[in-house]
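Biologist: Before we use any of these labels, I would like to hear what stands behind them. Please show me the model.

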Amino acid sequence: MNEDYSAKEFEEKYTYEGNDLGVTFLENKIQFKVWAPEADSVSMLLYNDGDVSDEDIQEEIKLIYDTKGVWKTELSSDYEGKYYVYKVARNGDLNIACDPYAKAVGINGDRAMILNLSKTNPEDWDKDKNPFSGKKITDSIIYEMHVRDFTIDKSINAKYAGKFLGVCESGLKNSNGISAGMDYLKELGVTHIHLLPIADYGSVDEHCEDVYNWGYDPKNYNVAEGSYSTNPADGKARIYELKKMIKTLHDNGIAVIMDVVYNHTYETSFCMNKIVPGYFYRMTSDGEYSNGSGCGNDIATERSMVRKFIADSVKYWAEEYHMDGFRFDLMGLIDVDTMNAVRKAVDDVDKEIIMYGEGWDMKTAVSKPDTMMAKQENACKLDRIALFNDEFRDGMKGSVFEYDEKGYISSNTENTKEILNGVTASPEWADSPQQVINYVSCHDNHTLFDKVELANPGITFEDKIRQNKLAALILFTCQGGILFHSGEELMRTKVDEEGNFVHDSVRAGDKVNSIKWEDLNKEEYYDVYTYYKNLINFRKLHPSLRFADSESIKENIKVAGNDGGLVQFYINASAVEKNTKKICVIYNPTKEDKKISLEEGKWKICCDYKKADCDGNREVQDYVTVPAVSGAILIQ
Ligand code: CA
């Protein structure tokens, strides 16, 4: 492995700044460029088929060295539709690799496809718009979901079950005629869906129909995953179908965020590692791959051409697929300069695109001294990039790793500080509510419903519902961006065949992971769904729950009390609203009903432990009783 890749000399000699790596369609010809510094020769092998089982090479074409480590060639337009790989000779080794800048690939992503992307656009693509335009990240209500989980349940008979086109299928209903799929999302009222990885990943063989994975194992960064298309063997299908999904969601008022994994790759046989061995990864002093990610390798984001690769890739998704946001997996393994370079690249497309990530503090063998990582403590160095508030998450339900640890909703009032930091979107590391994503559960770890049971063995079904509802009431009255795991509003559970709750369902299959649409037929489940729906509606109606800056929060939110874990605060709604003067929010996580005094005047109850009906037709004055393990929202 070359230790000089991070040296100034190497970077000065080989940092290429052009925006034409990969395939470029020019007038009557097609240009190919690949970055392969220190290679002895580079050629491309052309095929008629994208499947590696077809070994029939049609042609081998030599590339010529251009500049800054870049090799190039040009072919006539007749080559469109062919597949190719690069053959790179270096220090006596010959490596075959897919194009790291491939934008279309054959089945399983082993060969790149020569495809003019202008032919992959759905109807009216040029008129497509971000439905969230004009709003801020603090206005977002994000629904984190998995493409396959969403429509694979047989009860809804989706035509495109488990596929991109399933996500945007309208008219889906469960056996009782209750809306499912996209119609359900519209009724629920979320502003964004956040999709678990949808870029090409390696763990699912695209020849098979029934293999399950979340997709945190990147193979081709600039291509859609084939198993979510109706025909993975047709390089065009996955691109068209993903765009069609995005267009349909946009037309229905739902913005789309993709989960991106630029911290590690599926395998170190990743194409760029074959073209420039060792360049893409961090190595330890023992010569091993650094493994802060726990996935076998860490990407060396601090190197100039890796940074460029990531910025180019994110910009490409924003531009070509009209993505409205990006969620960065293990962002704490990516350096601050790279994240800001990504922000700048994305701004060229649309400044309103949302960015957030997992800013965990993680060990990794960075290759340059003084590299600052994109973790919580460096949040103020990140330009318009938000981070997950895990202190709030664990404060609410107990540590995700200590299964039996109770959180605030389970009457553990020691966590009141973390809850208040969520309410005001002000964990220690954040400068502004626009840097905070509050959440209680996501795809990782137990579902909220399962965690509540694990932390409270023997708990009754009714009490589980109370805790779930209290969690929802707290979440939707917090400042900052809001995210929740798909199905949290349906008391989602992930149980294996032995009846155990699944902590990590990455490979657990459809039975464990699918959204169970039939649950909506049960009264209690429909009730919790309605509770979420009404809270979402309430949040959207009240901009004072969504202040965009810390000053407004400090000025307009007054905590009236938090004795013994009982939280009461007032929001000066009149600062930004016409019809509401004040909002009073109360959380009672204790095991006793509490009689709580109110500021003077009449108050309308908009939400209590039973209902979040929003019309506020019940009035109280002077005090209100908030039952054990529940909350209340009142307005005047
Ligand atoms: Ca794949």
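Modeller: Two strands count as paired if DSSP finds at least two bridges between them; strands are DSSP runs of E, at least two residues long, and helices runs of H or I, at least four, numbered from the N terminus. This is a predicted model, where local features need pLDDT of at least 70 and side-chain atom pairs 80 or more, while totals for chains, interfaces and linings use all residues. Residues are numbered from 1 along each chain, and side-chain values use heavy atoms, without hydrogens and water.

Biologist: What makes β15 and β16 a pair?

Modeller: Strand β15 (residues 325-328) is joined to β16 by 4 bridges, in the parallel sense, and Phe326 stands opposite Met355 in β16. At least two bridges are required, so the pair qualifies.

Biologist: How do you know that β17 pairs with β16?

Modeller: There are 2 bridges between β16 and strand β17 (residues 386-388), again parallel. Gly357 stands opposite Leu387 in β17.

Biologist: Why is the crossover from β15 to β16 called right-handed?

Modeller: Because, with the strands pointing away from the viewer, the path from the first strand over the helix to the second runs clockwise in a right-handed crossover. Here the chain passes from β15 through helix α8 (residues 336-347) to β16.

Biologist: What makes both faces of β16 covered?

Modeller: Ile354 and Tyr356 on one side, and Met355 and Gly357 on the other, are all buried. Buried means under 20% relative accessible area (1.4 Å probe, protein chains only).

Key:
Buried < 20%, exposed > 50% of the residue type's maximum accessible area, 1.4 Å probe, protein only.
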